[in-house]
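Q: Hey, can we go through the salt bridges in this one together? I'll ask as we go.

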Amino acid sequence: MSTEITAERLLSAADRADPERAAGLVFRAFLALSRTADSDRLLPLLARARQAHEASGSARTEVIYRTLAGTAATRAGLAEGPEHLATVVRVYDENAFGDDPVLVECALTAAMTLMRPHEARRFAPLLATLDLAPADRARLLALIGVGDAWAGNLVRGQAELREAARLAAQCGSLDVQAEATSWLAKCDALRGDLDQAALHLDQARELAAQVGSAWVARHLPECTAALAFVRGDEETWAGLLQLVVATDAGVTAGLQYEHRWELATHHALAGRPGSAADLLAGVEDPPASWPGGSVLPAWRAWILDPHPAATTALTAALHLLTRPVEQLLAARIAWLLGVHHGRAGRRGDAARLLEQACAGYARIGAAGMLTLVMRDLQALDTPPAVGAGGSSPAGPTGGFAGPTEGLAGPTVGLAGPTGGFAGQADGPRLTEAEARVATAIANGLSNREAAQRLFVSVKTIEFHLGNIFRKLGVRNRTELATRRTRIR
């Protein structure tokens with residue numbers, strides 16, 4: 001059934017109900033529409049919930065009204081959102097509302113919107129005690145799964161999101177299935193399950209289209225960017241990150257700052273300091289209470305001018321990232337700093353920070369990220385050699401440059417995912433995408449096999465091959481294989 005029709009029926013029933021029951025029906029209408037409707041279409045529900053609360057004045061209707069008010073305000077970027085949501089959690093706890101599925105979902109929604117994903121775990125035992133319809137169980141389990149993954153338990157979060165998607169599919173809740181599957185794809189990518197991540201992304205897109213899910217459509221680029229990152233596809237990752245920043249995706253998860261700072265880092269590493277500065281100009285640092293808020297000012301200063309003092313300050317700020325929600329960011333900053341020290345020839349500092357990043361990713365189950373960092377750690381024992389041009393030394397693919405303090409400049413890198421291909425010494429260099437295609441073809445894959453391996457079309461492979469042959473001055477696949485630079 002259409003989510004709009006479901007919401008209309010619930011609201012019609014609310015018109016004939018007492019205030020207590022009406023508030024619950026309005027919240028269920030909100031749940032029906034929250035994944036498919038734009039924010040402005042949810043505002044009339046807020047007015048209905050306020051009306052019910054004013055007529056009742058009970059703690060129960062206050063929890064419902066403030067959940068809708070806080071969620072709507074947060075999505076709109078209004079300052080009063082957190083106050084409403086904090087009141088929800090407080091009133092829920094004071095009244096021991098754990099036996100009411102509607103109020104449990106209100107409190108869980110409030111905790112997640114407040115960016116306290118570690119609190120989702122305390123609601124998990126209630127799933128075994130509450131009398132829940134399958135669709136309600138799937139929706140709650142999806143929220144708990146996102147919370148666990150976001151709070152640094154990717155193994156548990158991945159399993160819960162997989163189960164939530166399965167339950168939603170069984171009961172025909174395509175909107176919940178779309179949301180759970182989209183976040184599952186991001187979990188898969190971070191965990192290193194790249195084939196599953198690609199499959200789940202396709203499923204999420206199709207499901208979102210079936211129900212017209214504005215919410216899921218908004219966040220799909222963020223999930224796709226995670227997969228591109230772990231694949232080492234820097235060009236795609238940067239393009240998707242640009243889209244994510246432009247559309248403010250991640251605003252309810254507190255990630256809009258991290259996305260912008262990551263893109264600014266990418267520009268600085270690519271030798272575009274002006275673009276990096278433009279991205280950060282006019283954007284105030286969030287409060288220290290924000291996830292990652294304690295490190296973002298130091299990260300900004302390092303991006304804009306990575307002199308030794310800025311590097312020292314960013315390293316010191318790492319120790320402030322102690323909350324569960326900050327574990328991924330802590331590992332990422334350690335990785336960036338480790339690569340930076342490696343580029344400057346400080347192998348001891350590089351090894352220490354890269355090991356710290358590896359330990360962080362291993363702790364939370366981010367096997368996909370761990371694989372990328374391990375390449376850089378292992379490369380400390382490898383004599384440097386000229387790598388494929390255009391790779392950013394601390395982007396998704398990692399890699400070190402020669403001794404220098406700056407983030408930009410020529411990159412003398414590792415073979416990494418490019419396989420050791422370089423362009424003519426005095427001519428054009430292969431891009432990241434071309435180097436990956438060259439490696440696949442030199443390994444004996446056909447165009448179709450290479451397309452499947454790299455998740456692109458055969459026409460894309462053919463296009464890149466034409467550029468590769470021209471840049472390397474080779475005429476066929478055999479000559480391409482003999483031109484491969486082997487880095488041991």
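Predicted model: local features only at pLDDT ≥ 70, side-chain atom pairs only at ≥ 80, totals over all residues.

Q: How far apart are the closest N and O atoms of glutamate 434 and lysine 471?
A: They are 2.8 Å apart, and the two residues form a salt bridge. Glutamate 434 sits in helix H20 (residues 432-442) and lysine 471 in helix H22 (residues 458-472), so the bridge ties together parts 37 residues apart in sequence.

Q: OK, how many salt bridges does a search of the whole structure find?
A: It finds 22.

Q: What about arginine 28, which side chain does it meet in a salt bridge?
A: That of aspartate 136, at 3.4 Å from N to O. This pair links distant parts of the chain, 108 residues apart: arginine 28 is in helix H2 (residues 19-33), and aspartate 136 is in helix H7 (residues 134-150).

Q: And is aspartate 136 buried or exposed?
A: Buried, because its relative accessible area is 11%, under the 20% cut-off. Arginine 28 is partly exposed, at 28%.

Q: Which residues are linked with Arg28 in a network of salt bridges?
A: Glu105, Asp136 and Arg139.

Q: Switching topic: where do arginine 90 and glutamate 94 lie?
A: Both are in helix H5 (residues 81-94), 4 residues apart, which is about one turn of the helix.

Q: Is glutamate 94 buried or exposed?
A: Exposed, with a relative accessible area of 56%. Arginine 90 is partly exposed, with 44%.

Notes:
Residues numbered from 1 in each chain as written. Heavy atoms only, no water. Salt bridge = Lys/Arg side-chain N within 4 Å of Asp/Glu carboxyl O. Helix = DSSP H or I, 4+ residues; strand = E, 2+ residues; numbered from the N terminus. Buried < 20%, exposed > 50% of the residue type's maximum accessible area, 1.4 Å probe, protein only.
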